[in-house]
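Please read it alongside the coordinates.

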Amino acid sequence: MQFKSTVISNQEVSPGYFRMRMTAPPELAGSQPGQFIMVRVRDAIDPLLRRPFGIFDVGVAESEFPGLGAATYLEMLYKVVGKGTEALSGYHHGDHVDVIAPLGAGFDLGDPEEEKILVGGGIGIAPLYYLAKTLVQHSRVRFFLGGRTRDDILCVTEFERLGVETYVSTDDGTLGDRGLVTEVMERHIRENRSRKTLYACGPMPMLKAVAEIAQRTATPCQVSLEAYMACGMGACLGCVVKGKEHSDETPDYRCVCKDGPVFAFDQLKWV
Amino acid sequence: MQFKSTVISNQEVSPGYFRMRMTAPPELAGSQPGQFIMVRVRDAIDPLLRRPFGIFDVGVAESEFPGLGAATYLEMLYKVVGKGTEALSGYHHGDHVDVIAPLGAGFDLGDPEEEKILVGGGIGIAPLYYLAKTLVQHSRVRFFLGGRTRDDILCVTEFERLGVETYVSTDDGTLGDRGLVTEVMERHIRENRSRKTLYACGPMPMLKAVAEIAQRTATPCQVSLEAYMACGMGACLGCVVKGKEHSDETPDYRCVCKDGPVFAFDQLKWV
Amino acid sequence: MSKPDLSVEIAGITFRNPVMTASGTFGYGEEFADYVDLESIGAIITKGLSIKPKAGNPTPRIQETTGGMLNAIGLQNVGIEAFVEHKVPFLRTVSTPVIVNFFGNTVEEYAELAERLDRIPEVTGVEINISCPNVKHGGIVFGTDPKAAYSVVKAVREATIKPVIAKLSPNVTDIVEMAWACADAEADALSLINTLTGMAIDVKRRRPVLANVTGGLSGPAVKPVALRMVWQVARAVKIPVIGIGGIMSGTDALEFMLAGASAVQVGTANFLDPSAAQRIAGEMETYLEQNGIHDVKELIGALEV
Amino acid sequence: MSKPDLSVEIAGITFRNPVMTASGTFGYGEEFADYVDLESIGAIITKGLSIKPKAGNPTPRIQETTGGMLNAIGLQNVGIEAFVEHKVPFLRTVSTPVIVNFFGNTVEEYAELAERLDRIPEVTGVEINISCPNVKHGGIVFGTDPKAAYSVVKAVREATIKPVIAKLSPNVTDIVEMAWACADAEADALSLINTLTGMAIDVKRRRPVLANVTGGLSGPAVKPVALRMVWQVARAVKIPVIGIGGIMSGTDALEFMLAGASAVQVGTANFLDPSAAQRIAGEMETYLEQNGIHDVKELIGALEV
Ligand SMILES: Cc1cc2nc3c(=O)[nH]c(=O)nc-3n(C[C@H](O)[C@H](O)[C@H](O)COP(=O)(O)OP(=O)(O)OC[C@H]3O[C@@H](n4cnc5c(N)ncnc54)[C@H](O)[C@@H]3O)c2cc1C
Ligand SMILES: Cc1cc2nc3c(=O)[nH]c(=O)nc-3n(C[C@H](O)[C@H](O)[C@H](O)COP(=O)(O)OP(=O)(O)OC[C@H]3O[C@@H](n4cnc5c(N)ncnc54)[C@H](O)[C@@H]3O)c2cc1C
Ligand SMILES: Cc1cc2nc3c(=O)[nH]c(=O)nc-3n(C[C@H](O)[C@H](O)[C@H](O)COP(=O)(O)O)c2cc1C
Ligand SMILES: Cc1cc2nc3c(=O)[nH]c(=O)nc-3n(C[C@H](O)[C@H](O)[C@H](O)COP(=O)(O)O)c2cc1C
Ligand code: FES
Ligand code: FES
């Protein structure tokens, strides 16, 4: 659905990373973890297109606006990379944004008995918090979180507060283990033979590494992808990725916005 | 000169009309009445071009920003008509705008012994206040001010406070005389045979009427024109008006931005 | 005052209002059903169709530019069989006219597809995308050569009794010459403009942003070019013209109608505002009401020059 | 690291950096002297000149559009005599190369003007605006017909030993064909693009906004089209290409150089920021420094496709 949302708060949680909470209609409380939203940053032509963001959290809380009682809120966690996110970072309490949400297909929550392994790289943790919040209700959840440096490691406390066991690694060793998050994660999988499902979101090289580990260890795995988007609703075909059957003769393109952003890793063509 | 200016205040003085005060470098205090400024409304591509505005006032006052002592300020009076002025109307204390000023050729202040007659229509009064403030130092100044309705009559008190005799007329009679400002003004000229100079700014039909009166009564007259502008410095030739010698064979175009915006009425071709 | 009349007639079809959705920007209608009342717009024009499914280009396929966007989707589409099986059933549930945009690589392909579309009752009319490479003639684009355009339109004309709209490419020296060629081939109407060919470069990577190198520019950035071409063409031909290019508001749409368009198509605007087509029709109605204009048809070509 | 080398060479002339000011957007240089250090830019290209003074079009002549602007100045200029008398004396005081943009209504006028410019020592080179109506041939524009373009460039080539730049119009089906025609006529370099023809309409008045009805579109809105054409042309010809169209920043300029331009011209940007050309040259230098590139010439045509 399309709605006008009011910014409740917009905080810089780490240099260049912001967490924005905004009002949402009650229907949004039914969003699936992994679904996303499209934000019209300004009611103007620059930027022209909407920008896609994961749902970091959604819930119901006492409204910040007096007299409104309990109200649904939506949160996003974003990194300033260009003019859209730059403009967003200047938003204050009370400002308005136009939002389309929820969009796309979210994570499959799988079998509650299994252990859930979440892998996030940098801003890729955005959709994993709401996922973790949902999964911990029934399953054991471990979260492997990586980033370039200490500043790219966000919201560890929030995950821990959910009861999620959190493992941090950074490329430069400024926080947690030194090294790639995927190496730490693979070690855990190999050392620990219980049934598991993997959930990953982050930069493409990380997702590829996770998919290879899933393949090698025969672990079910879902990945959440990013792509340039214009419409967000499966109409423009701008955001496609290659499906597993893809070849030049038998095209198998999937829309990240509609068939995804979450895909079972074995549904995609990784080369 | 080009400078970054800080908004000091931006008040709606009548529905749809704003008066904005902003910081300016000391050199601006030497601006001539009738000169104008070009404002880059946003540091973005929408609106793309700068917008021209008259200098409503310029002076030196105790700075609003602590510890700065006396500082030069610049004021403009503007009407919201489109996206540029709409955006400007949302500016607050402390916001920044990029300004080029002072531009163009201002009013000739003429002989101090003469009576000065100022004629303003609607937002056309914008450059007349600074003119009046300068002229009252030596001359008797009368101000004929017209508008469609009461809301279009601005800053009467400010002019009166300068010691200017102010005559108001509105098309619908909701304030002052009912009728055209030019009729009231012509009556005054005819009834009152002392030497005078006319200074007019306002919509084209009003300026034409003023020029005709000047012609009929052989009164010296200067008019301040508006035109679409791109550069504001005589380079693009977008803002031209026809000079008195103009014909298809002997083009005589003058730049409103550089040769004007103020012209002696008999230098222009009025048909 | 009674409600103004927004209906327009083109090729014998009455459209409830002049606002159609541009091909490739509105999927097959269904994608937008949650955001726009499909019964409130003039017509649905579907994504460019070919006989066989088409894979389209590698990604990235889109890039925002100042006031516009580039796309190099590469005409990815499901092909006519899947269209009939999966898309037509939904379109059947909507009373709004459905115009199918389509293309081929040879004159014969255009004709064959037109013939197959002719047999589908849910298809109200067809729009020929002539901005496609002519495979038989070394890849030169049908839409930039009047003779090739004539032959494609003629072949389609002979293959269907449904209304035929020829959609013109703006990447030409003389748009009027192209319009004449299509009118001579008995198109019922012309629509313009398709996208302007453009390019974007990523300085850091020293590469074109689009995998396809070049792409089609659309959005408000191109509106001045589109308006100029619609005005030129509408004065030159007798058949109705449908204006396309950067329409974001009711005012934009009215500008095209004053320039001579009998209807308009809304493309890129659907991405920023999925209810754009409905909103624009509403804004046109409000304008007519406020200005005491009883019939939108009064405005067609009413520009005073 | 030592300062990067920003100089480029075109037709035997060395420019201190690749940033020139586009004709018609920078007057005769003097108008901008208070805002930009004229010694900091690559070249000054002056307002289109004709033999006789030219009145230009009635007003309004300009209109802002989304991401761009339309102009229909109509080539108003002072004519060669006043140019020599009133403009050259100032230009003499500047060491930056001066390129005079000019036009005529017949091949003979182009040749005559070229010959007169050839005798002015302050004129470093000439840029031929071929986007002008060919009076002898029913007003068809020189710049959209390769044969006419060839004859104009050839005549100018024979009339002057100064560097000759042919400035191409983008309003054509095949820009490469136009580029070849000008290269065959022995232009030393090509510059592109001139403005795209467009139109704006005032719905309230039901009139075109511009008195001239149509005008030329410039500014960031046209950048994707300009980049695409520069890329096409730079691959097709051996002579240097100068990129123009919507350049607002150092990054924009570098995009054109990667696409194959040996230099760039800044037009509309001068209006928003009178020091744009100087700023852009500075931004290019900073980019080179930060990326360890010693010579801007390394980037010319370095796009990986
Ligand atoms: C389904 C989905 C969910 C996303 N969730 C989040 C999130 O929760 N938090 C977050 O910070 N970001 C998220 N992103 C990425 C986010 O959409 C982009 O960072 C944002 O659109 C950039 O906008 P901009 O105007 O600031 O940058 P631009 O000025 O448009 O571009 C700046 C840089 O970012 C890159 N970029 C731009 N758009 C995208 C895109 N859609 N995908 C990948 N790279 C892009 C460009 O290549 C360029 O280098 C998500 C993307 C998708 C598709
Ligand atoms: C020398 C000069 C001094 C001026 N001084 C003042 C002033 O002190 N206060 C003030 O309120 N306005 C003044 N103007 C007019 C002011 O520049 C325009 O109102 C403003 O540029 C409109 O910008 P916009 O983006 O809000 O409107 P737009 O969206 O650009 O246009 C809205 C409407 O305004 C008209 N318009 C736009 N630009 C101009 C223009 N340059 N001249 C005339 N009409 C225009 C358009 O035709 C359109 O109908 C002056 C103009 C000039 C040339
Ligand atoms: C993503 C995208 C896909 C398009 N696909 C098609 C197509 O399949 N067939 C076609 O004729 N035009 C296609 N177009 C062109 C549009 O129908 C329209 O002519 C163009 O975008 C200009 O209109 P706009 O500025 O309103 O978007 C496409 C445009 C976009 C942006
Ligand atoms: C107001 C204006 C006047 C122009 N006059 C000329 C001219 O006299 N001769 C010419 O060759 N090009 C002229 N041009 C075109 C520019 O030189 C340039 O090619 C075009 O504006 C594209 O560059 P830009 O997008 O950076 O403005 C003019 C452009 C503008 C905006
Ligand atoms: S973004 Fe348009 S189809 Fe996915
Ligand atoms: S605004 Fe450019 S010459 Fe006056």
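The numbered points below take the two ligand sites in turn and then the chain pair.

1. The structure is a predicted model. The distances and areas quoted below should be read as computed from that predicted model.

2. Surroundings of ligand 2. The shell around ligand 2 holds 20 residues, and B:R51, B:P52, B:G84, B:T85 and B:Y228 are the closest. By class, the shell around ligand 2 consists of 12 nonpolar, 4 polar and 4 charged residues.

3. Polar contacts of ligand 2. A polar backbone atom of B:P52 is 2.6 Å from an oxygen atom of ligand 2, and a polar backbone atom of B:G82 is 3.1 Å from an oxygen atom of the ligand. For B:T85 the contact is made by the side chain, with an N or O atom 2.5 Å from an oxygen atom of ligand 2. On its own, ligand 2 has 850 Å² of accessible area, of which the protein covers 77%.

4. Elements and domains at ligand 2. Strand 4 (51-54), strand 6 (70-79) and helix 1 (83-89) of chain B are the elements that each give two or more residues to the shell around ligand 2. The largest share, 4 residues, is that of strand 4 of chain B. Ligand 2 lies between domain 1 (2-103) and domain 3 (227-271) of chain B, because both domains give residues to its shell.

5. Surroundings of ligand 3. Which residues are the closest to ligand 3? They are C:S23, C:K167, C:G219, C:G246 and C:T268, from a total of 22 residues that surround the ligand. The shell around ligand 3 divides into 5 nonpolar, 15 polar and 2 charged residues.

6. Polar contacts of ligand 3. A polar side-chain atom of C:T268 lies 2.6 Å from an oxygen atom of ligand 3. Backbone atoms also take part: a polar backbone atom of C:I193 is 3.0 Å from an oxygen atom of the ligand, and a backbone N or O atom of C:G48 is 3.2 Å from an oxygen atom of ligand 3. The protein covers 98% of the 610 Å² of accessible area that ligand 3 has on its own.

7. Chains C and D. Chain C is superposed on chain D by a rotation of 180 degrees with 0.0 Å of shift along the axis, at an RMSD of 0.0 Å. This is the relation of a two-fold axis. The copies meet through the same surface, because 100% of the interface residues of chain C are also interface residues in chain D.

Notes
Residues numbered from 1 in each chain as written. Chains lettered and ligands numbered in written order. Predicted model: local features only at pLDDT ≥ 70, side-chain atom pairs only at ≥ 80, totals over all residues. Heavy atoms only, no water. Near = heavy atom within 4 Å. Polar contact = N/O pair within 3.5 Å; in protein donor to acceptor, adjacent residues only side chain to side chain. Areas by Shrake-Rupley, 256 points an atom, 1.4 Å probe, with all protein chains shown as cover. Nonpolar A, V, L, I, M, F, W, Y, C, P; charged D, E, K, R; others polar. Domains from an automatic or database assignment. Least-squares fit on C-alpha atoms with pLDDT ≥ 70 in both. Contact = heavy atoms within 4.5 Å.
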